[in-house]
Amino acid sequence: MPKKFYITTPIYYTNNPPHVGSAYTTIAVDVLARYYRQKGKKVFFLTGTDEHGEKNAQAAKKANKSPQEFVDEIAKSFKETWRALDISNDDFIRTTEPRHIKGAQKFLSALKKSGKIYQGKYEGLYCIGCEKFITKKELADGKCPDHQKAPKKVSETNYFFKLSDFLDRVKKLISHDKIKIEPLERKNEVLALLKQGLEDFSISRQKVKWGIPLPFDKKQISYVWVEALVNYITAIGYGSNQKKFNQLWPADLHLIGKDILKFHALYWPALLLAVGLKPPRKIFVHGFLTADGQKMSKTLGNVIDPIYLADKYGVDALRYFLLREIPFGQDGDFSIKRLEERYNADLANGLGNLVSRVLTLSEKAGNFPVIASERKRAKQSRRKNELIKGVKSTQKKYKKALEKIKFHEALEVIWRLISACDEFIEKNKPWTLISEQRTANSEQKLKEILLSLLLSLKEIAVLLRPFMPATSEKILSQIKLNKKTEVLFPRL
Ligand SMILES: [Zn+2]
């Protein structure tokens with residue numbers, strides 16, 4: 001039985017259409033999903049949309065639409081965008097779907113039954129942009145630093161979750177990497193938060209209308225964050241398909257942005273423990289993208305549409321750029337200038353040039369068929385041929401980088417092999433063998449050179465497949481290598 005690998009993006013708020021930031025996260029998860037599928041794992045890749053809450057209701061009002069109408073449209077644009085960006089998700093969960101509502105209510109009932117829910121009065125400040133309570137300490141000039149808006153004063157009776165009862169257990173799980181949080185600085189950040197201590201949090205709202213009613217008190221609506229987190233289990237059958245749920249849970253990887261770390265690393269595991277479910281195995285946290293050095297925001301007008309970029313530069317170029325330019329996990333800057341530079345240097349001149357060079361050489365040499373004896377010879381030359389030796393070490397380094405979720409390193413490794421191919425061509429000058437009167441000896445040498453290049457090119461295409469699926473397919477179809485040669489390089 002292949003091992004399952006359940007991987008998720010966060011579900012995205014439907015108050016705005018997808019932008020390059022959500023594309024960044026989704027492309028990253030897609031690359032991992034494709035990589036593990038290629039490795040033979042039974043991958044389940046989930047993404048979706050977070051459609052309830054005041055923020056979405058307000059956006060709908062502004063657009064003169066009913067909340068449902070509004071979120072239907074935005075959810076559609078997310079789906080279309082992911083299709084356009086070649087995202088291979090296995091499911092797309094919308095939090096307004098019946099399967100989610102049913103599962104969320106089951107979860108809330110279980111939470112109530114656990115005895116860890118109590119009624120209390122809440123008074124405090126609330127930022128609608130963040131959909132969370134905010135302390136005075138967190139404000140800058142009286143405003144939420146992320147949204148540049150003053151928070152609302154809220155005073156109401158609602159239900160609270162006894163977070164404090166679970167913090168010791170969560171702390172232990174995180175310290176022992178039972179819930180692995182990466183990169184390390186994020187794990188330390190979470191442990192520091194635990195040291196400071198955290199207050200119980202409310203799981204319901206009284207005055208909000210657009211959401212899921214608590215099954216045990218219909219006057220109250222589930223706090224949108226609690227309901228949103230639960231998507232990771234409702235999508236795989238919690239409350240609707242127990243068998244599927246048992247097969248897939250716990251999640252092997254939640255990939256998230258750093259702004260939602262506390263919810264995923266502390267609240268979510270605590271909520272799961274309260275109802276007797278396992279916490280996720282791993283949470284990987286990536287940084288923020290800025291645009292030309294500035295925070296991307298609608299108000300600043302520098303939000304970048306990923307569809308526009310994909311149309312202009314190509315889907316694969318966008319996928320490549322986002323994961324090559326910025327070390328994954330750190331903050332990074334998105335700039336069109338850099339995208340164009342990388343496009344020209346790495347894709348057109350690097351990869352594109354190598355492919356056309358090798359294909360032209362092979363064509364000039366007469367597109368020789370690869371037969372069993374050549375396969376044997378190539379196998380022997382693997383020991384002496386530097387280029388072929390390099391392929392093996394490339395595979396190893398690539399695998400290591402991807403398993404640590406270091407996309408930029410995996411791509412760097414591929415591009416080193418591309419350079420090695422160029423150097424190999426320069427050193428062996430195969431064109432001199434093509435033009436001269438061919439002897440049996442020079443013919444054999446030419447074949448060996450070209451075969452080494454074609455095999456390396458094939459390997460480059462295979463390694464690129466998770467990142468640039470269409471480009472990879474195109475290269476593979478152009479090489480037309482004899483099937484038998486493939487056994488030389490077993491799949492990773
Ligand atoms: Zn805010």
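A cavity, as I use the word here, is a set of grid points where a 1.4 Å probe fits but cannot get out. I kept that in mind while going through this predicted model.

**Entry 1: the enclosed space**

I looked up the largest cavity and found about 60 Å³ of space in it. Its lining takes in 14 residues, and Gly53, Arg205, Val208, Ser222 and Val224 come closest to the centre. Two elements, β12 (217-222) and α7 (224-229), each give two or more residues to that lining. I sorted the lining by class and got six nonpolar, four polar and four charged residues. Counting cavities of 30 Å³ or more, I ended up with two.

**Entry 2: stepping back**

I wanted the overall picture next. The protein has 492 residues, and 55% of them are buried. I noted 19 helices and 17 strands. The C-alpha trace spans about 90 × 45 × 40 Å along its principal axes. For the accessible surface I wrote down about 22700 Å², with 50% of that belonging to carbon and sulfur atoms. I also checked contacts with a separation of 6 or more: 77% of them link residues 24 or more positions apart.

The mean pLDDT is 91, and 92% of the residues reach 70 or more. Residues 484-492 are another story, with pLDDT below 50. That stretch still has 24 contacts in the model beyond near neighbours in sequence.

**Entry 3: a pocket**

I turned to the second largest pocket, which has a volume of about 680 Å³. I counted 24 lining residues, with Phe133, Thr135, Glu199, Lys262 and Tyr267 nearest the centre. Which element gives the most to this lining? β5 does, with four residues. Among the other elements supplying at least two are β6 (132-134), α6 (184-196) and α10 (261-274). By class I found 11 nonpolar, five polar and eight charged residues in the lining.

**Entry 4: helix α2**

I went along α2 (residues 54-62) and asked which residues are buried. Glu54, Lys55, Asn56, Ala59 and Ala60 are. The buried residues of α2 pack against β2 (12-13), β3 (42-50), α3 (67-84), β5 and β7 (152-161). Just after the helix, Asn64 takes a positive phi of about 60 degrees.

Most residues other than glycine have a negative phi, and most peptide bonds are trans. I went looking for exceptions.

Asp86 has a phi near 65 degrees and is found in the loop between α3 and β4 (91-94). Glu131 has a phi near 55 degrees and lies in the loop between β5 and β6. Are these two buried or exposed? Asp86 has a relative accessible area of 29%, so I put it down as partly exposed. Glu131 is at 2%, under the 20% cut-off, and therefore counts as buried.

I found cis peptide bonds too. One runs from Glu182 to Pro183, with omega near -5 degrees; Pro183 is found in the loop between β8 (180-182) and α6. Another joins Trp249 and Pro250, with omega about 5 degrees. Pro250 lies in the loop between α9 (242-248) and β13 (253-257).

How values were computed: Residues are numbered from 1 along each chain as its sequence is written. This is a predicted model: local features need pLDDT of at least 70, side-chain atom pairs count only at pLDDT 80 or more; totals for chains, interfaces and linings use all residues. Side-chain values use heavy atoms; hydrogens and water are left out. On a 1 Å grid over the protein atoms alone, a cavity is a set of points where a 1.4 Å probe fits but cannot get out, and a pocket is an open set with protein on both sides within 12 Å along at least five of seven lines; lining residues have an atom within 4 Å of a point. Grid points are joined across faces, edges and corners, and a volume is the space filled by probe spheres set on the points. Ala, Val, Leu, Ile, Met, Phe, Trp, Tyr, Cys and Pro count as nonpolar, Asp, Glu, Lys and Arg as charged, and the others, Gly among them, as polar. Buried means under 20% relative accessible area, exposed over 50%, partly exposed in between (1.4 Å probe, protein chains only). Contact means heavy atoms within 4.5 Å. Accessible areas come from the Shrake-Rupley method with a 1.4 Å probe; for residues, only the protein chains shown count as cover. pLDDT is the predictor's confidence in each residue, from 0 to 100.
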